Amino acid sequence: MAITKEKVLSALGEVIDPDLKKDLVTLGMIEDIAIEDKKVSFKVVLTTPACPLKEIIKNDCLKAIERNLGSDIEVDIDMTSRVTTIRDNSPVLPQVKNIIAVASGKGGVGKSTITANLAVALKNEGAKVGIIDADIFGPSIPTMFNCEKEQPSVREVNGKNLLQPLEQYGIQLMSIGFLAPPDQAVVWRGPMASSAFRQFFTDTEWGELDYLLIDLPPGTSDIHLTLVQTVPVTGAVIVTTPQKVALSDAQKGLAMFKQPQINVPVLGIVENMAYFTPEELPDNKYHIFGEGGGRKFAEINNVPFIGEIPLVMGIRESGDSGYPVTMKDSPVADNFRALARSLAQEVAIRNAKQDKTKIVELK
């Protein structure tokens, strides 16, 4: 029986993407089929380089080819990716595929730590990633990336001077901390802070990115409204700790994004400081701030629970030294890698199943 492209596509049409619930052929994920005697090669174009189901999909393809074309076929599969987006032809940040807000209702839950390590984990998976530090009055990203004393350059593009993001560890970064002396307070009223934040979008040359993470300040302030009024946000991640007081504030943060006039999809809940494990007792878990609060919070609000991060001294030490813990080989780095894959998965599902987010027009 001669092998043809049509027969290969027919076989691969039986392979279902576990997230999108459609076959790979219908989704347009099969490319560059080549046939030479008993050898078949093709590309599977996943929706993100951080796809947690990569090996499952590859094995399903191998089984489908064997089942339909025989066990004597040599199969070469190139598992590649193309991050999805619904931001086509956007006037602001046209080359940024996904804008993700990382928010919390209160301070002190480790939101900046989650943002920094998520960015590194996504970058290590092969994605192009940037961070905007939106906390105008208490920026943390410069410290966490060991570039507190750096300043962005300016380049003229089409007659307009544009800020150039700093690059550290392969991540594009922008923060008010790069523009103001680190030992001085930024004493501005809300409109001034919002104007500066808006310039991080409109007057900064970001270039091509798969994911731009926005590290938001605590609460539901002018900065949050400026974000949703400036760019269509792909989705939001809510960071909380397990205890009731943090969950109460996280509820307010989540409710803001779910307001009908804002309507930004919530991609998932992250529970930080979920438990403490001493280094000398790696099998012990001490739930200092309570147990399972973030997971229950996600269930109540019918949004995905995308991961939990333990309370580990190494995370704090790495943040203080400006070298995110995900860059190291450690058990907690695995937690952040799993979190990044879950987030990328939710972004792909959101882009496939939900309408484009609209810029908010509030009166």
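Begin by selecting Glu156 and then look across to strand E7, where its bridge partner is Asn161. The coordinates on your screen are those of a predicted model. Widening the selection to the two strands concerned, you will find that strand E6 (residues 154-157) and strand E7 (residues 160-163) run antiparallel and are joined by four bridges. Together E6 and E7 form a hairpin with two residues between them, and if you pick Asn158 in the turn you will be on a residue with a positive phi of about 55 degrees.

**The sheet of three strands**

Next, select strands E1, E2 and E3, which make up an open sheet in the order E1-E2-E3, with mixed pairing. At its edges stand strand E1 (30-36) and strand E3 (74-81), each of which pairs on one side only. From one strand to the next the twist averages 10 degrees. Colour strand E2 (residues 39-46) together with E3 and follow the eight bridges that join them, noting that these two strands run parallel.

Helix H1 (residues 5-12), by comparison, lies across E1 and E2 and runs at about 130 degrees to E1.

**The sheet of eight strands**

Move on to the open sheet of eight strands, which you can trace in the order E8-E9-E5-E10-E4-E11-E12-E13, and in which the pairing is mixed. Which strands stand at the edges? They are strand E8 (166-168) and E13, and each has a single partner strand, so one side of each is left without a neighbour in the sheet. Here the twist averages 25 degrees from one strand to the next.

Within this sheet, select strand E4 (residues 96-103) and strand E10 (residues 209-215), which run parallel and are joined by six bridges.

**A pair of helices**

Select helix H5 (residues 190-202) and helix H6 (residues 222-230), which pack at an angle of about 35 degrees, with their axes 9 Å apart. Their crossing is right-handed. To display the contact itself, show the side chains of Gly190, Pro191, Ala193, Ser194, Phe197, Arg198, Phe201 and Thr202 on H5, and those of Asp222, Ile223, Thr226, Leu227 and Thr230 on H6. Coloured by class, the contact of H5 with H6 divides into six nonpolar, five polar and two charged residues.

**The largest pocket**

For the next stop, select Thr277, Glu279, Val312, Pro331 and Val332, which, of the 20 residues lining the largest pocket, lie nearest its centre. This pocket has a volume of about 500 Å³. The elements that give two or more residues to its lining are strand E12 (266-276), strand E13 (305-311), helix H9 (313-321) and helix H10 (331-353). Which element gives the largest share of the lining? That element is H9, from which five residues come. By class, the lining of the largest pocket has 12 nonpolar, five polar and three charged residues.

**Two cavities**

The tour ends with the cavities, of which two have a volume of 30 Å³ or more. Select Asp17, Asp19, Leu20, Thr47, Thr48, Cys51, Pro52, Ile57, Gln345 and Ala348, and you will have the lining of the largest cavity on display. About 60 Å³ of space lies inside the largest cavity, and its lining has five nonpolar, three polar and two charged residues.

For the second largest cavity, select Ile86, Arg87, Pro232, Val233, Thr234, Arg350, Lys356 and Thr357, which line it. This second largest cavity holds about 30 Å³ of space, and its lining residues divide into three nonpolar, two polar and three charged.

Technical notes
Residues numbered from 1 in each chain as written. Predicted model: local features only at pLDDT ≥ 70, side-chain atom pairs only at ≥ 80, totals over all residues. Heavy atoms only, no water. Axes fitted to C-alpha atoms, helices over the stretch in contact; angles between N-to-C directions. Left-handed = near helix turned anticlockwise from the far one by under 90°. Contact = heavy atoms within 4.5 Å. Nonpolar A, V, L, I, M, F, W, Y, C, P; charged D, E, K, R; others polar. Pairing = 2+ DSSP bridges. 1 Å grid on protein atoms, 1.4 Å probe; cavity = no way out; pocket = protein on both sides within 12 Å on 5 of 7 lines; lining within 4 Å. Points joined across faces, edges and corners; volume = space filled by probe spheres on them.
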